[in-house]
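Hello,

Here is the structure for you to look over. My notes follow below it.

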Amino acid sequence: MSRWFAAGSVAAVMASFLVGVVVAAPAQAAANTVVSLTFDDGNADQMTAESTMKSLGLNGTFFITSGWIDQPTYLTTANLQQIAADGNEIGGHTVTHPDLVSLTAGESTRQICNGRVALMNMGFKVTSFAYPFASEDPATEALVKQCGYNSARGLGDTASKDPASATLPAADTIPPANPYVTAAPSEVDSTWTLADLQNQVTHAQTAGGGWVQLTFHHIAVGTDPTLTISPTLFSDFATWLAQQKAAGTVAVQTVDQVVGGTQQPPVQGPAVPPPPPPGTNMIQNPSLETLVNTIPQCWAAGGFGTNTPAFSIVTPGHTGTNAEQLTVTGFVSGDAKLLPALDLGGCSPTGTPGHIYQLKAWYKSTAPTQFEAYTRIGNGYWPYWTASPQVPAAANWTQITWTTPPLPAGASGISWGLNIQANGTITTDDYEMYDVGNQPAGAATAIAAAAAGPPSIGTATGAMVCGLTAGGCYQYFQSGVVHWSTATGAHVTKGAIDAAWAATNWENGILGYPTSNEIGGLKDGGVYQTFQGGVIHWSPATGAHFTRGAIDAAWAAQNWENGFLGYPTSNEIGGLKNGGAYQTFQGGVIHWSAATGAHITRGAIDAAWAAQNWENGFLGYPTSNEIGGLKNGGVYQNFQGGVIYWSPATGAFPNGGAIRVAYASQGWENGRLGYPTTTEYAVSGGRAQNFQGGRITWSATTNATTITYN
């Protein structure tokens with residue numbers, strides 16, 4: 001049997017996951033031969049077989065996947081009532097048709113018990129069960145009994161048309177040796193002929209009799225190419241079987257008639273575990289490390305169309321030991337993928353309508369891939385939902401991230417995987433899924449409008465992603481990205497400004513969300529963009545840098561890029577003495593500290609301050625900008641520990657302490673001393689500083705100053 005399902009059509013959905021076959025002990029010969037006609041999954045085209053059997057006086061057992069009742073291509077409630085009224089048996093086949101062995105014990109219990117409860121609540125007697133994919137083990141056998149069933153059918157345990165099964169018993173015993181794994185031949189598929197069907201009966205008769213259970217899926221033309229026989233073939237076989245029954249060579253009975261026993265009370269399965277708290281990975285066994293019969297627990301193989309998939313565990317994984325490798329050959333159409341089991345919530349993540357979900361996975365592939373997602377609706381039906389844009393093949397481990405649209409109303413669960421739609425190989429590992437909440441009202445419209453411009457930034461290249469700081473969202477487009485928040489609206493970032501913002505950790509950093517789009521027309525072809533916490537300016541000569549707070553205000557006071565400072569050439573740089581920061585510009589530097597505020601230094605004064613080790617020297621931080629209007633075109637700038645004077649004739653020199661007090665007493669540069677011509681320097685017993693008109697000397701012994709004139 002193949003283990004896979006049809007995307008977008010659950011008609012082929014569970015019709016095919018690969019499983020191992022469990023072989024029962026050889027059956028013992030019985031006195032006569034009993035044939036049970038069984039029908040799996042509840043496909044709507046089985047009504048054709050039911051009508052044929054009714055006309056011939058035959059009855060069968062219909063194993064119903066309860067979550068698929070009343071869904072497209074499946075039997076309706078009215079169909080089931082008619083089937084039962086005609087004398088046929090309604091049996092259980094779980095709620096969503098998963099591989100029970102690959103699930104957690106709690107989820108397997110829900111599947112087996114709740115499927116039976118649903119059918120009993122419809123008024124049916126339910127005593128017989130069939131394992132999906134014939135996948136079972138002693139633990140699932142015990143669960144079937146615990147849920148109140150009297151028997152459970154396997155497949156592939158007696159001889160069939162396959163030559164490899166020739167050594168198996170021709171039929172099961174009556175009563176069966178193990179009623180919770182009753183033996184049956186492989187399921188009937190499109191390769192079976194009338195002779196093959198008849199041989200199943202005559203072989204059992206020749207071998208001494210016993211119980212022959214024949215398993216049908218589709219009675220139709222043009223449906224599932226594997227598990228379908230035509231109405232004509234079924235009618236021919238049923239007619240022959242009715243003749244055998246009339247001749248007394250066989251009995252045709254339902255499974256319940258063969259096994260017997262009273263109907264047990266309904267047993268409700270355990271409640272579905274609540275979803276994990278926000279920020280928690282919602283995927284069970286995300287790194288595929290826990291295996292059950294070489295299959296990652298809580299995972300299943302899926303696909304549709306005409307292709308041949310092969311799933312295997314490979315080592316090492318992206319992290320840990322395991323990764324899942326899928327190889328597709330014979331590709332004509334469809335896809336294949338690994339995805340969380342389509343169950344009731346024990347393995348598949350529980351979803352909330354209206355919420356959006358961020359999906360992540362690591363992959364290597366020889367062909368493009370994409371996320372393909374399914375939703376659980378109703379009582380357990382899993383239709384196709386949506387898919388992400390494709391991403392290219394990757395030779396090395398690569399992570400793909402995508403955010404879904406809002407989960408539709410009525411959906412209660414989500415399953416998804418990375419598919420492959422060509423001949424090739426994909427290896428996957430480390431799956432993640434996060435609930436990022438509701439899509440904010442108006443976000444999609446605002447983002448689309450911002451992207452449309454003018455100027456337009458092209459078409460979307462990814463889905464809208466929400467759940468950002470302050471409930472924000474973003475979406476990538478061909479030429480940029482749009483971010484939206486309730487407080488700021490939707491704005492485009494692109495190019496160097498977007499990169500500069502990204503370097504601050506986008507909306508999570510000091511700048512917050514953008515509050516405008518790019519604004520051009522600045523000096524030398526520059527542009528700028530405003531953010532909640534600052535501004536980013538770009539020019540061809542300087543690149544993109546942000547300014548903010550007091551430093552931005554100090555720059556603005558100089559007329560931004562139009563002033564002598566020009567454009568910023570760095571971002572704000574912190575880590576200075578006493579928590580200070582600075583930022584460089586084309587024409588100078590702005591330093592800030594909590595005690596002094598933000599002030600500009602430039603040119604010769606900045607160089608003189610630098611010579612004193614900037615804020616770490618005796619001058620400390622600047623306490624003013626340059627102040628001009630002095631004698632002979634001079635300027636000065638105040639610092640915590642003194643002043644730096646500059647004049648065209650003398651250059652820039654600092655002045656502080658007792659020497660500065662003495663200099664002030666002489667009227668600074670306006671006095672006889674003029675401007676300083678040196679920095680302070682050491683002399684015997686103290687320090688001195690030269691001026692245009694003389695020298696001031698300070699005595700360390702007396703703390704007195706002496707002025708000498710030229």
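**Notes on the predicted model**

Over residues 33–230 the chain is 30% helix and 18% strand. The range is the one that the unreviewed UniProt entry annotates as "domain: NodB homology".

Two strands to look at in that range are β1 and β6. Strand β1 spans residues 33–41 and pairs with β6 in the parallel sense. Seven bridges join the pair. F39 has F216 in β6 as its bridge partner.

How many residues of β6 are buried? Seven of the seven, across residues 210–216. Buried here means under 20% relative accessible area. Strand β6 is therefore largely enclosed by the rest of the structure.

Three strands form an open sheet in the order β26-β27-β28. Their pairing is antiparallel. Strands β26 (527–531) and β28 (543–547) stand at the edges, and each has a single partner strand, so one side of each is left without a neighbour in the sheet. Neighbouring strands of this sheet are turned by 20 degrees against each other on average, direction ignored.

Strand β27 covers residues 534–539 and runs antiparallel to β28, with five bridges between them. Which residue of β28 is the bridge partner of I536? It is F546.

One point for reading side chains in both places: in a regular strand they alternate between the two faces of the sheet.

Best regards

Methods. Residues are numbered from 1 along each chain as its sequence is written. This is a predicted model: local features need pLDDT of at least 70, side-chain atom pairs count only at pLDDT 80 or more; totals for chains, interfaces and linings use all residues. Side-chain values use heavy atoms; hydrogens and water are left out. UniProt positions are given in the numbering used here, feature names are shortened, and annotations may be inferred rather than shown by experiment. Helices (H or I, at least four residues) and strands (E, at least two) are DSSP runs, numbered from the N terminus. Two strands pair if DSSP finds at least two bridges between them. Axes are lines fitted to C-alpha atoms, for helices over the stretch in contact, and angles run from 0 to 180 degrees between N-to-C directions. Buried means under 20% relative accessible area, exposed over 50%, partly exposed in between (1.4 Å probe, protein chains only).
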